[in-house]
Each structure stands twice: as C-alpha cells, then as structure tokens.
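I opened my notebook to go through one structure.

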Amino acid sequence: MLFAQISDLHIKRPGKLAYRRVDTAAYLERCVARLNTLTPRPDFVVLTGDLVDFGAREEYEHLRRLLTPLEIPYYLVIGNHDGRDALREVFPEHTYLGKPGDFVQYTAMFGPLRLVALDTQDPPNGGGKLCDERLQWLDATLASDTQTPTVVAMHHPPFACGIEHMDIQALDVADAAKLAAIVRRFDNVERVICGHVHRPIHTRFAGTVASVCPSPAHQVALDLREGGPSAWVLDPPSFQLHRFTPQTGLVSHLAFVDDAGGSHPFYDAAGKLID
C-alpha cells in the first residue's frame, strides 16, 4: 500500500496570487502532473487541509478544475483556511465529507490500511480545536477496530515544532493532550499525519509518530529563534509518500515536485564504482 500526502495548497480565485507573489494554482498543476508519473503509482492521495485560501466557493471550483487531471483517487481533509459547506457543495460526490452542520470526519479503508480523518478547524481562529464531540468520535472509531493498521489524518499538528508563530496557532494544548491519551491506547495507530506548518517535521507522539507534510507551493521559513518573524520562503515544492507493508509498518519519504535530473548510476557498465 502506497499513498501520497499533499497539504496546504492555498488555492485562490483564478488569477489571484498568494501574498501577491505565489501562483499556488501553477504549483498544484505541477504537483498533479508529478503524482501522475510516479512509479509505482500511489493507491490514493490525502490532502491534509488548507485546500484553498479563504474557504470561498469560487476557490473550491478552481481547486476542482486543478484536481481533475489527477488520475489517483483523492481524499480531502479540512484545514483552518477551509469552509466546510462550500467544500461539500463543490465536491458533492465526496459523500464522506458528511452533511451540512457536521464536522468533516470520516474513515476509509485501503487494502490493509485504514485512514481516519479528523476535523481540527476552529473558526475564526487560525489555531486548531478538538472538542469533546470530535474526540469521542475518534475514541469510538479507533475502538471499533483495534487490529487494522491506522493512519490518523488532521490539519493542525498536536505538538510544538519550534517555529514560534506557527506554534501559536497549532492544535490547542489541552486538546492535544486529550488526543494523545486516546491515541496512546491503540497500538495499531501507525502515524498521525498533519499539515499547517508547510515543512517536513517528525516527532514521537503518544506511542507513535506524528509528522507534518510540506506544501507543494510555498514553505514556512525555518526559523527556530524565539520571537522569529512570520515569514515564508520558496524552498522546493514537495510532498510525502507513505509506504505500508505488514513487515515494515509505515515508512515515509519526502518527495519533490520538480525533477532535479537523473537518475544517475553509481556503477559503470562493467559493474565498477564510478569514481
């Protein structure tokens, strides 16, 4: 089982640039093209939130057009920039998104692997929230199957990453502790995958691993200073590939959207190391 994770697309209305400089639509077009050429091809793609920039219907319509060429099934997760109702209206065939008024939380099975998606949105706040209703749903969902290897997907990371301006708007600390108490009870949780921070980040969490996926567009500046400025950079656009086998569990790779050239052999035609 192989799946791709992309996050923080921040698609705007057609022709509109993020921060007056970043053509997020063009970046997504390149990412979709890259995903379609992967060998082996992922079984599915999960998009872990901030699908668009202001949660507007027109933005989702633009997103839908940009995702149309994607030849791999994809699943949508809600982020703090998203709008639940507009998302449902534009993607009606994605029935797992639920009904108006519901949180966007669901499960999906892919061969030997289960995906459990959480809704951490807390409008109008940029930070994340997991109320008792959402946590109780997760607890019951994980308890319903304690054998199938499970990936929990959510937008806000449940840990501090050290980038101060992003940690201020991470998942609520008390809610993160409640989440950890639930996850720790289920040793079949292979990973908690997140977005929001626009960087590749990994840490131990609740007896498993929690990770953040970078963006296929702009990244958050890597600045671990106290009081560091809120800033973005054009580091290489990237995504993550997660490979699961019963023997290895979930093994994750950082993948880049753009082709850097190659691949180049280590050995010549005679089998000698090229030196």
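**Entry: β1 and β2.** I am working from a predicted model. I began with strand β1, residues 2-6, and strand β2, residues 44-48. Four bridges join them, and the two strands run parallel. I then looked up the bridge partner of Phe-3 in β2 and found Phe-44.

**Entry: the whole sheet.** Which strand order does the open sheet have? I read β3-β2-β1-β12-β13, five strands with mixed pairing. At the edges I found β3 (74-77) and β13 (249-256), each pairing on one side only.

**Entry: helix α1.** I next asked what helix α1, residues 24-37, touches in the sheet. I noted β1, β2, β12 (238-245) and β13. The helix packs on the sheet, and its direction makes about 175 degrees with that of β1.

**Entry: β2 to β3.** I moved on to the pairing of β2 with β3. These two strands pair in the parallel sense over four bridges. Opposite Val-45 I found Tyr-74 in β3. Between β2 and β3 the chain passes through helix α2, residues 57-67. I recorded this β-α-β crossover as right-handed.

**Entry: side chains of β3.** Are Tyr-74, Tyr-75, Leu-76 and Val-77 buried or exposed? All are buried. Tyr-74 and Leu-76 point one way from β3, while Tyr-75 and Val-77 point the other way. I set the general rule beside this: in a regular strand, side chains alternate between the two faces of the sheet.

**Entry: cysteines.** How many disulfides does a search of the whole structure find? I got zero. I wanted the reason, so I looked up sulfur distances against the 2.5 Å cut-off for a disulfide. For Cys-131 the closest cysteine sulfur is in Cys-194, 17 Å away, so the pair is too far apart for a bond. For Cys-194 the closest cysteine sulfur is in Cys-213; the distance is 10 Å, again too far for a bond. Cys-131 is partly exposed, with a relative accessible area of 22%. Cys-194 is at 0% relative accessibility and counts as buried.

**Entry: the record.** Last, I consulted UniProt. Its unreviewed entry places the feature "domain: Calcineurin-like phosphoesterase" at residues 1-200. The end C-alpha atoms lie 21 Å apart. The span is 30% helix and 17% strand.

Definitions and conventions. Residues numbered from 1 in each chain as written. Predicted model: local features only at pLDDT ≥ 70, side-chain atom pairs only at ≥ 80, totals over all residues. Heavy atoms only, no water. Pairing = 2+ DSSP bridges. Contact = heavy atoms within 4.5 Å. Axes fitted to C-alpha atoms, helices over the stretch in contact; angles between N-to-C directions. UniProt positions renumbered as here; feature names shortened; annotations may be inferred. Buried < 20%, exposed > 50% of the residue type's maximum accessible area, 1.4 Å probe, protein only. Right-handed = clockwise from strand over helix to strand, strands pointing away.
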